[in-house]
Protein chains: 2
Amino acid sequence: MNIATDTRSRIIAAAKPRFHSRSYANVGIQEICESAGVQKGSFYHFFPSKRDLVLAVIDEYAEEWASGFVAEAFDPALPPMERIDYLIDAAYFWQKSIKEVHGRMLGCIFGNLTLEVSTQDDILRAKLLAIFTRAKSRFRETLEEAVSKDIIPPLDAALTAEAMLAYLEGVILLAKAQNDPDVLYRLGPAIKTLRIETMAP
Amino acid sequence: MNIATDTRSRIIAAAKPRFHSRSYANVGIQEICESAGVQKGSFYHFFPSKRDLVLAVIDEYAEEWASGFVAEAFDPALPPMERIDYLIDAAYFWQKSIKEVHGRMLGCIFGNLTLEVSTQDDILRAKLLAIFTRAKSRFRETLEEAVSKDIIPPLDAALTAEAMLAYLEGVILLAKAQNDPDVLYRLGPAIKTLRIETMAP
DNA sequence: CTTGCATTTTACCGAACGGTCAACTAGTAT
DNA sequence: ATACTAGTTGACCGTTCGGTAAAATGCAAG
């Protein structure tokens, strides 16, 4: 059982950086197996298909984020709007450190996969959508708290949260197009200027 | 010569919707040739490689956009900020009509390709970056005009333009994740709330 | 009528693709 | 000791991948 889970996690560990730095279609199972030191038959003992592997990779990344600096950013001890600053900062430094090691801006794996596969695989699309929905909730809760504490004027927290998430993904996209994390640094802070007013009742 | 250009443009015409609705890696040259009624040897007479084909496809899309509703949106006769409204509207209706025909939100082909290939091919990345740079300029010029006419308070037009472009791409990304163009309708108008102030001199 | 060139056809290349299968190994429970 | 099972191995499936080369075709200028 130990050895078993080890094989499985070695596969995932080999797949993660590859899917992140290239694309879903461009990474083959053979390559992953070679890198993980695993036979292809063994791969298919743990994963029924390539899609199931990428599903597991998405889960690992989501977990890594949620318990990592996303948890730090959305620390209830911080003033609400500072959490958003923190998140942008963290995204910037993360992308920057990846570029220093890897030579390239890799961007957000969820965004990358979304644009690549969501027209071709509804199961993957649903998985990625769930990730975004969770992220959206973090923004929404933060905005609601900021409004209730009179830190910002009232607004439509749900819609503004979605807008902020969209903006973050868009900034990462443009940064990737320029292969330059500094785009995040320049454009990121403007996320707090986004506002969607509450609909008149 | 007529027949020649016809073959070439039939290839591009077959490739365009496929790269848009799926992805770069997922569309094969064989499929494109079959759909265009062209032999593979003939394909390689006109395009040295698959990359050169997608380069041509990007050019065609860029041309189609620039002379289509992007030209309409950035009509100098319109008040500057209304041009941005128009662009959002046009993007929404375009995505919506595609979904009605195709069943899926396909999003922005430039954004799609950027996230898929820009870590793997610097020539493609440069091409896509050039498209974004042109789009950014349209936004910037519009903002500069709005500022000079006292329609909006002074701001950093170049940075705000980039932020707006990022936001647009991000909104399209989220809409694609939900396979729902209405996301564009809900979030799009907030693009005008984005602001990046001029740096203190 | 022929030379030359652009285009097209056809057959082919080796490599990689995702996935399958049957045989084998090893540890555990009875 | 035996039977069962989770895990592993390595060979193999048909298909597709991007790309190549040579021969055939059509056409236009000399």
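This is a predicted model: local features need pLDDT of at least 70, side-chain atom pairs count only at pLDDT 80 or more; totals for chains, interfaces and linings use all residues.
On the side of chain A that touches chain B, the elements that give two or more residues are helix 7 (109–117), helix 8 (122–148), helix 9 (157–178) and helix 10 (182–187) of chain A, and it is helix 9 that gives the most, with 14 residues. If we sort that side of chain A by class, we find 20 nonpolar, 13 polar and 10 charged residues.

How many salt bridges cross the interface of chain A and chain B? The rule finds 3, and one of these joins Asp122(A) to Arg104(B), with their closest N and O atoms 2.4 Å apart.

The size of an interface is often given as the accessible area lost when the parts come together. For chain A and chain B the buried area is about 3900 Å², and carbon and sulfur atoms account for 65% of it. Of the area that chain A buries against chain B, 17% comes from Arg104(A), Leu115(A) and Thr119(A), which is more than any other three residues supply.

Now let us turn to the inside of chain A, which is divided into domain 1, residues 1–49, and domain 2, residues 68–193. Their contact takes 6 residues from domain 1 and 11 residues from domain 2, and the area buried between the two domains is about 650 Å². Here His20(A), Ser21(A) and Tyr24(A) supply 78% of what domain 1 buries against domain 2, again more than any other three residues. Across this domain interface the rule finds 0 salt bridges, while 3 residue pairs are in polar contact, both residues being at pLDDT 80 or more.

I would like to finish with His20(A), which is found in helix 1 (residues 2–21) of chain A. Is this residue buried or exposed? His20(A) counts as buried because its relative accessibility is 3%, and buried means under 20%. Leaving aside residues up to four places away in sequence, the residues that His20(A) touches include Trp94(A), Leu106(A), Gly107(A) and Asn112(A). A polar atom of the His20(A) side chain lies 2.7 Å from the backbone oxygen of Gly107(A).

Technical notes
Residues are numbered from 1 along each chain as its sequence is written. Chains are lettered from A and ligands numbered from 1 in the order in which they are written. Side-chain values use heavy atoms; hydrogens and water are left out. Domain bounds come from an automatic or database domain assignment. Contact means heavy atoms within 4.5 Å. Buried area is the accessible area (1.4 Å probe) that two parts lose on being put together, summed over both. A salt bridge is a side-chain nitrogen of Lys or Arg within 4 Å of a carboxyl oxygen of Asp or Glu. A polar contact is a pair of N or O atoms within 3.5 Å; within protein, one must be able to donate a hydrogen and the other to accept it, and residues adjacent in sequence count only if both atoms are side-chain atoms. Helices (H or I, at least four residues) and strands (E, at least two) are DSSP runs, numbered from the N terminus. Buried means under 20% relative accessible area, exposed over 50%, partly exposed in between (1.4 Å probe, protein chains only). Ala, Val, Leu, Ile, Met, Phe, Trp, Tyr, Cys and Pro count as nonpolar, Asp, Glu, Lys and Arg as charged, and the others, Gly among them, as polar.
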